[in-house]
Amino acid sequence: MTNYCITVKFHFDLLAPIYEILIPPVFPQEMLTLLGDLKGKKILEVGGGTGRLAQYLLKYSDEVWIMDPSLPMLYKAKKANRELKLIHGYAEKQPFPDEFFDLIIAVDSLHHWDHHEKGIQEVYRVLKSRGIFFIGEIHPKDKAGHFIVQMEKTLLMRSRFFMPSELLKILKENNFSIVDIGWLKKPTYFVKAVK
Ligand SMILES: C[S@@+](CC[C@H](N)C(=O)[O-])C[C@H]1O[C@@H](n2cnc3c(N)ncnc32)[C@H](O)[C@@H]1O
């Protein structure tokens, strides 16, 4: 991977011990409503970090994987729940066979990827046919979203935030069909796409 990924990895390696204190929680209950029945589904969270969402999903599915480039973040995830399946890796080069997962989730993660399009193509490859790709991203024009954009800029994270319309365009160009889009909870919007 490029230097950029190394920079991002460095930030999360440092943040890992205090990540869950610093960063507001994701919204598992809201997400669950949008995702529907998870029973029997093989799930991957790309950029799953400390596993705070993934461990919640484990209550509803027997097989939840997390892939993340930061080992300290994964270490926290392992401590949180030993049932989680952990993989060290990048969205852009996923160590899975074709058509492996029923559901892939990327919450607060995609704007950190080095090559977004390559990552999205990899998600498409490892998703089963009719599989769901669920994205949660910060809206850069929302008031709180704008603050996060500025904060990550100050921290030299080199994040790339997407307007919903930009993300929809990239997804469609890479063969996904859009199922739903809306607010998860401001400033985070979601996109649910199907292969
Ligand atoms: C803000 S955290 C979100 C973690 C988790 N999804 C959550 O909501 O708690 C972003 C995560 O994306 C990971 N990440 C950064 N670059 C990545 C890449 N290229 N591929 C996959 N994950 C990446 C980071 O290591 C970090 O754990």
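Which residue in β2 does V46 stand opposite? In this predicted model, V46 faces M67 of β2. The pair belongs to a parallel arrangement in which strand β1 (residues 42-46) is joined to strand β2 (residues 63-68) by five bridges.

Strand β2 also pairs with strand β3 (residues 85-88), again in the parallel sense, through four bridges. Within this pairing, W65 has K85 in β3 as its bridge partner.

Over the whole chain, eight helices and seven strands are present. The radius of gyration is 15 Å, close to the 16 Å that the globule rule gives for 195 residues; the chain is therefore as compact as a globular protein of that length. Its C-alpha atoms fill a box of roughly 40 × 40 × 30 Å along the principal axes. Buried residues make up 36% of the 195 residues of the chain. Among contacts with a separation of 6 or more, 63% involve residues 24 or more positions apart.

Helix α7 (residues 143-154) was examined separately. At 1.5 Å a residue, its 12 residues should span 16 Å, and the end C-alpha atoms are 17 Å apart, which agrees with that expectation. The helix is hardly covered, with one buried residue among its 12 residues. Just after α7, L156 adopts a positive phi of about 55°.

Definitions and conventions. Residues are numbered from 1 along each chain as its sequence is written. This is a predicted model: local features need pLDDT of at least 70, side-chain atom pairs count only at pLDDT 80 or more; totals for chains, interfaces and linings use all residues. Helices (H or I, at least four residues) and strands (E, at least two) are DSSP runs, numbered from the N terminus. The expected span of a helix is 1.5 Å times one less than its number of residues. A residue is buried if 20 or more other C-beta atoms lie within 10 Å of its own, exposed if 12 or fewer, and partly exposed in between; C-beta atoms are placed from the backbone. The radius of gyration is taken over C-alpha atoms; the globule rule is 2.2 Å times the number of residues to the power 0.38. Two residues are in contact if their C-beta atoms, placed from the backbone, lie within 7 Å. Two strands pair if DSSP finds at least two bridges between them.
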